[in-house]
Amino acid sequence: MTRVPHRIGVDLGGTKIEGVVLDADHQPLFRQRVATEAEHGYEHILARIINLVGALRAHAPMCAGLGIGTPGAISTVDGTMKNSNTACLNGRDLRGDLERTLGLPIVMENDANCFALAEAVAGAGRGTGLVFGVIMGTGVGGGIVINASLHRGVQNIAGEWGHHCIDPNGPPCYCGHRGCVEAYISGPAVSREYAARTGESLAMAALVDRAHAGHPPAVELLDYFLDRFGRSLANVITILDPDLIVLGGGLSNIDELYTRGRDAVARYVFNDQLRTPIVRHQLGDSAGVIGAALLVQ
């Protein structure tokens, strides 16, 4: 089979759009970032992507397609964007509009799937069979990669562990249900819980710092966060039994996730031991755009 020497990937974020050209060994040849400027609307974002891809194609003359990582998801009903926090994308045929303008076949996936694919193929999970990639930040998402191939599921929801319920009487989630994982261990969820307990608004990083300093409410809430992390991820392991779990997103920088958090997973997993490695990402904030490029086959 002929190898495609160049792959183009674009990571469409709320504040920035990043593009990369990868060679056949998954190494970046050229990279560029531009501001999303989402406040100017859908057509403006479309033009930003088109201009960026034009610059990338100059460095990828043999490129056969374009991979794009997006916030939100793509509807399996009509192919339009949905559930994006860049609201002007919702209901729009982003893939179709770009294909008609650029004349390239386009593969689109949500950003969590792109993260998981990048870390499985070129990062912490390289050479591993089944990798579960976790995003923990303003939301909680995930992706499943099996033998370096993304597993999407029949409804394109494989890996969405942030919306399995761990307590039907728990806090409300934006999805309309209660007690979802995201309603417990996302950054905003923990901050809301801290404010409810103390009356003070505090970002997750500052809360962790206070916990390290021995501040009782912060210590209690960090313990609560790690316990819910353990319970949630143990459910995933019990179902998938992955060879490796790699954590990404802003909250993945909390060191306790890899010590006390892992201990909490071991408490709840359906086994007498936990052999699953739970590791930090290797590719940093480049994982999304590298994963987008790897979508191109």
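**Helix packing**

Start with helix α8: the elements that cover its buried residues include α7 and β12, the strand at 278-280. Keep in mind that this is a predicted model. Helix α8 spans residues 260-268, and its buried residues are G261, A264 and V265. Looking down the axis of α8, these buried residues fall within an arc of 100°, so they line one face of the helix.

Now to α7, residues 216-240, and its contact with α6, residues 204-212. How do the axes of these two helices cross? They come within 8 Å and cross at roughly 115°. By the cut-off, 65 to 115 degrees counts as roughly perpendicular, and α6 and α7 are therefore roughly perpendicular to each other. The crossing of α6 past α7 is left-handed. On the α6 side, the contact is made by M204, L207, V208, R210 and A211. On the α7 side, A218, V219, L221, L222 and F225 take part. Sorted by class, that contact has nine nonpolar residues, one charged and no polar.

The last pair is α5, residues 187-198, with α6. What angle do they pack at? The angle is about 60°, and the axes are 9 Å apart. α5 and α6 are therefore oblique to each other. Helix α5 brings V190, S191 and Y194 to this contact, and α6 brings M204, L207 and R210. The classes here are four nonpolar, one polar and one charged.

That is the end of my part.

Note on methods:
Residues are numbered from 1 along each chain as its sequence is written. This is a predicted model: local features need pLDDT of at least 70, side-chain atom pairs count only at pLDDT 80 or more; totals for chains, interfaces and linings use all residues. Side-chain values use heavy atoms; hydrogens and water are left out. Axes are lines fitted to C-alpha atoms, for helices over the stretch in contact, and angles run from 0 to 180 degrees between N-to-C directions. Helices (H or I, at least four residues) and strands (E, at least two) are DSSP runs, numbered from the N terminus. Angles under 35 degrees count as roughly parallel, over 145 as roughly antiparallel, 65 to 115 as roughly perpendicular and the rest as oblique. A crossing is left-handed if the near helix is turned anticlockwise from the far one by less than a right angle, and right-handed if clockwise. Contact means heavy atoms within 4.5 Å. Ala, Val, Leu, Ile, Met, Phe, Trp, Tyr, Cys and Pro count as nonpolar, Asp, Glu, Lys and Arg as charged, and the others, Gly among them, as polar. Buried means under 20% relative accessible area, exposed over 50%, partly exposed in between (1.4 Å probe, protein chains only). The arc is that of the directions from the helix axis to the C-beta atoms.
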